[in-house]
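Colleague: Could you walk me through how to read a few features of a model? I'd like the general idea, then the case at hand.

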Amino acid sequence: MAQTLIADFVADLQRVVAMPDPVVEFGSYLTDPGSGAGDLRRLFAGRPFTGTDMREGPGVDRIEDLRDLSFADGSVGTALCLDTLEHCADPPQACRELARVCSPDGGVAVISSVMLFGIHEYPHDYFRFTPDGFRALLEQGFDDVWVAGLGDPAIPMQVVGVGIRGSVLDLALESFPSLAAAQARYDAARGKVRIGPLQLSPRELARAVARDMPRLLRRR
């Protein structure tokens with residue numbers, strides 16, 4: 001299920017890149033269906049949209065294994081695989097499959113994943129990706145690729161990527177107001193104390209210091 005920021009990123013992408021039909025989401029299981037958060041169908045209202053996942057549940061129309069998709073070659077216009085690849089046991093094979101099923105005439109794949117983030121098992125959590133890692137995954141089968149990391153350049157919080165077949169992308173972070181705004185908020189760090197890539201409020205920092213102070217004093 002995509003985070004709100006990633007859903008906003010997809011909405012921005014629709015304004016700058018043609019995202020052809022049919023649209024298929026890989027990893028569409030809604031972990032909180034009542035909230036409506038992460039449900040990408042609303043962004044493609046009135047268009048052919050299929051939600052797939054490895055298990056049945058809210059938001060899932062069809063069971064699929066990312067490593068061995070049942071879709072025919074070139075049969076997908078837009079493939080969405082958002083906050084999902086870290087839960088796949090073989091991401092390179094999954095991205096080869098995404099390239100195979102995407103149309104050679106402008107087919108688009110959109111991927112995202114967390115990097116600086118705790119283990120979250122839905123039902124398993126295997127990997128983290130750098131921007132270069134995403135680029136390598138998409139370059140396996142797409143003709144042009146754009147990737148970006150959000151947060152600290154050395155340890156991004158989030159990584160996103162777009163691949164296209166049979167065309168070229170002319171994208172930059174500024175192409176996506178939602179991502180640019182998120183990066184600006186991170187850079188500004190208003191009301192936060194910077195500790196490497198982390199940003200803590202003064203209260204969070206004080207709690208961390210208070211928690212560790214007895215241990216530090218014992219070591220003096």
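Modeller: Gladly. Let's start with accessibility: buried means under 20% relative accessible area, exposed over 50%, and partly exposed in between (1.4 Å probe, protein chains only). At 40% relative accessibility, Asp21 counts as partly exposed. This is a predicted model, where local features need pLDDT of at least 70, side-chain atom pairs count only at pLDDT 80 or more, and totals for chains, interfaces and linings use all residues. Residues are numbered from 1 along each chain as its sequence is written, and side-chain values use heavy atoms, leaving out hydrogens and water.

Colleague: Which residue forms a salt bridge with Asp21?

Modeller: Side chains of opposite charge can pair when their charged atoms come close. A salt bridge here is a side-chain nitrogen of Lys or Arg within 4 Å of a carboxyl oxygen of Asp or Glu. Asp21 pairs in this way with Arg47, the closest N and O atoms being 2.7 Å apart. Asp21 lies in the loop between H1 and S1 and Arg47 in the loop between S1 and strand S2 (49-53), so the pair ties together parts 26 residues apart in sequence. Helices (H or I, at least four residues) and strands (E, at least two) are DSSP runs, numbered from the N terminus.

Colleague: In what order do the strands of the sheet come?

Modeller: Strands of a sheet pair through backbone hydrogen bonds, either parallel or antiparallel. Two strands count as paired if DSSP finds at least two bridges between them. Seven strands form an open, mixed sheet in the order S3-S2-S1-S4-S5-S7-S6. Its edge strands are S3 (62-63) and S6 (144-151), each pairing on one side only.
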